[in-house]
Amino acid sequence: MSQLIGLAYECASHPEVEADFLHAVCTALGLDSATVILVDLKQRTNTMLSMYVDDPGVSKETLAALVADYNRRFSQFNPLTEICIDKGLLVSGNTIFSEDMVPHPMLQRTAFYNEFFQQQGWYDHAGIVSIADGKTAVTINFASKAETYPFTPAARKLLRMLAGHLARAHTLRRQLETRRVTRDAALQSLDALTFGLLILDHKRKVLFQNRPAREIIDSNKALDIRRRELRCDLPRSQKLLKDQVSMAIDAALHGIPMHWSPTQLDLQDTGQRPVAVCAYPLPTSGSPFAAAHPACLLFLRDLNAEQGLPEDQLIDMFELTPAEARIAQEIANGYSLEHAAERMGHTLGTSRTMLKRVYAKTGTNRQNELACLVMSLAGLLHPVSE
Amino acid sequence: MHVDDALFSRLVGQIYQAASSHEHGDEMVRAITLEAGFACGAVHTEDRKNKVNSVHNLFTADGDLAKATPGDWQTTFNRQTHGLQELCDISEHKRLIEAGHTFCATDLAPLPALRRTQFHREYFQQLGADDFICTIVRSDDDYTIAVCFGAPANGRPLSNEQQHLMKMLAPHFQRAYEMRRRLDEQEMERNSAWQSLDSLATGIFILAENAQVLFQNVMGEEILESSTALSIHQGTLHCRYARSNRRIQTQIQAAIDASRQGADMCWAPTELELPEAEGTRLILCAYPLRRASGRSHSRATPACMLFAHDLTQQPQLPRSHLAALFQLTPSEAAVALGVAHGLSIEDIAALQGHSVATCRTVLKRVFAKTDTGRQNELANLILSLGSHIGDRQ
């Protein structure tokens, strides 16, 4: 009993144990098979999601074929679905026995019974509505081959008892999945940003790093994530990094306002631009139920990386020619016109004429103004997919 | 008390209900205390690092005792937290503090000895309890969480039935705790991602498969508020100019389709055609979001992320940050920002009330400190710091 209820809830966080749960119910009640059916209340259609048969001789492939066959033949045509909807039986936590729908002798005369139920050797069935929200309903149905009172009073009592748990388990499953997908979507959006971003917990462990952060860490030999902590090999920079992060975490944990400011990490001595880091505190809820508390956002920027807008984007947006887009990008990336002309194999005069056309098409007047326009667009338009 | 299937099923239901909604914790403790004949019950947490004990969801079966508010009991409890620490330390010493473990007061020490402890006298006995039983649901370096129930002070220890019931409930307490932990962690991670998005100077909208807006960041809200062109109508984004609206909807739909098919999308930003009177130049771009694998029971599946950028908004870079990064003086930072915003030296000089020549001298010092040599190079450096370094909190 305790195990059966436990399994019902276990399915909420681990859907793969569904078969174990259905098996346990069938064994406890002496039933032969179970199906999970999703009903679309608006379209009045139903889809079989999974099927379990209490017979180790039936292979997974056979079951999958049976499910596909049912969905092909009965998804639009299952009179039982219609009856359940009309009689208002599809209520979360409700248990439906076949006589709730139609007297058994009549059920046996229906085409659906002959063409599907009998084919499986089923005699009677009962269903539990695990969730119903006005648009869809999910039912878990059990079938029996025994002709004599397959659903004894004890079995009925047990099914009714399980119904409440299944409804609650399904609500939990929905909560878990909704939080997971909204979290994943929010984290995915962070991958599209042009700068590195890490979410750290109250022990400085990395909970999440976006794609640019991974790229910056991978491309800098001095930066490394060891035992889930961002570290810098150069002692001075490591100290700066640690101070930034600790200050933000302290501010988060104790709810004190923080005077934060970005700092530079010198990672090489080759005269290249450094990496800028800035840590922000995240207010923590302090829930003892969570093992890790996000406590700090760490922004990383590699000041060496070229951040201009891709050329094809420039062409699309401002109707530039490929050569004009190239020159706009060189200027935005901070290079001189001489450098751009040389790289493109043009004379300085040609490049200057081209730049003038770029000014006209983008509505700018100066090199720094053009850089400002292209750079602020670049922050917006970072490609998500490689 | 007789534990039959129906009672057991009811109590287990309460436990999982509390995992699903935080507010149900009180009701769970109340139901178990009353139905199993305990004197009181509570969820007890120990912050192990700081050695701080606290009590939640406290319930007492005695109506007179219950008149004291939970806050009063919390205060009494906190006064005794030192005394309780003794018990915690004994439990730990006896290796009773282990997730999933259920133990009684008598596992710690004989009852007469326990009754002599300060905690028992001044807190436990005040609650009308004597013997008690605990189930540990979490135990690691940070926290111990235990669900505790006390037996009425009638001279008898806990009944076998009560002990049996708690042992039967233990795996359910643990599973329910595990679910609650996952819910809380996912929510916190989502909130921190949202906060990151809120710190951006670009509007971001996350849309579901049916194009409903699931999330908008602070800048997204500002764009909606500052312009009449773009609005949320029945949960979806709309532009009041028909041609531009068609463009937006096509972009969004393409991204949603790409997400559904798991395909990469050839995305392109689009500028809305707005009359000049609107005073904004909006650029929109939709990206598909990767779909989670497996059949989702979630109500709304996020499918598309939409960036909205107002070209008339200058990127915001607080001067103090710039000064901190490159050790600039305030006037140097002002000139550097002017250059980054695309202004000419003449404009900057006029804004600062300096002569053009002074401005040029200041700019030279900025070049030296930032290791740049040209205005566009300086603009690139500052803008690559990103407009996110704007304090939006």
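Which residue just after H14(B) takes a positive phi of about 75°? The legends below come back to this.

**Figure 1. The predicted complex and its confidence.** This is a predicted model, in which local features need pLDDT of at least 70, side-chain atom pairs count only at pLDDT 80 or more, and totals for chains, interfaces and linings use all residues. Residues are numbered from 1 along each chain as its sequence is written, while chains are lettered from A and ligands numbered from 1 in the order in which they are written. The predictor gives the complex an ipTM of 0.78 and a pTM of 0.79. Chain A averages a pLDDT (the predictor's confidence in each residue, from 0 to 100) of 84, and 91% of its residues score at least 70. For chain B the mean is 83, with 89% of residues at 70 or more. Please read residues 388-393 of chain B with care: the pLDDT there is below 50, and the stretch has 17 contacts in the model beyond near neighbours in sequence.

**Figure 2. Chain A, from end to end.** Chain A has 15 helices and 12 strands; helices (H or I, at least four residues) and strands (E, at least two) are DSSP runs, numbered from the N terminus. The C-alpha trace spans about 95 × 50 × 40 Å along its principal axes. Its radius of gyration is 32 Å, whereas a compact globule of 386 residues would have one near 21 Å (taken over C-alpha atoms; the globule rule is 2.2 Å times the number of residues to the power 0.38).

**Figure 3. Helix H4 of chain A and its surroundings.** Here you can find Leu80(A), Thr81(A) and Cys84(A), the buried residues of H4 (residues 79-86). A residue is buried if 20 or more other C-beta atoms lie within 10 Å of its own, exposed if 12 or fewer, and partly exposed in between, with C-beta atoms placed from the backbone. Seen down the axis of H4(A), these residues fall within an arc of 100°, so they line one face of the helix; the arc is that of the directions from the helix axis to the C-beta atoms. They pack against strands E1 (33-40), E2 (45-53) and E3 (95-97) and helices H5 (98-101) and H7 (111-117) of chain A. Just after the helix, Gly88(A) takes a positive phi of about 65°.

**Figure 4. Where chain B meets chain A.** In this view, 84 residues of chain B are in contact with 81 residues of chain A, a contact being two residues whose C-beta atoms, placed from the backbone, lie within 7 Å. Helix H9 (residues 160-198) of chain B supplies the largest share of the chain B side, 23 residues. That side divides into 40 nonpolar, 28 polar and 16 charged residues (Ala, Val, Leu, Ile, Met, Phe, Trp, Tyr, Cys and Pro count as nonpolar, Asp, Glu, Lys and Arg as charged, and the others, Gly among them, as polar).

**Figure 5. Helix H14 of chain B.** Ile345(B), Ile348(B) and Ala349(B) are the buried residues of H14 (residues 345-352). They cover an arc of only 100° around the axis, which puts them on the same side of H14(B). Their cover includes helix H13 (330-340) and helix H15 (356-370) of chain B. And the opening question is settled here: just after H14(B), Gly353(B) takes the positive phi of about 75°.
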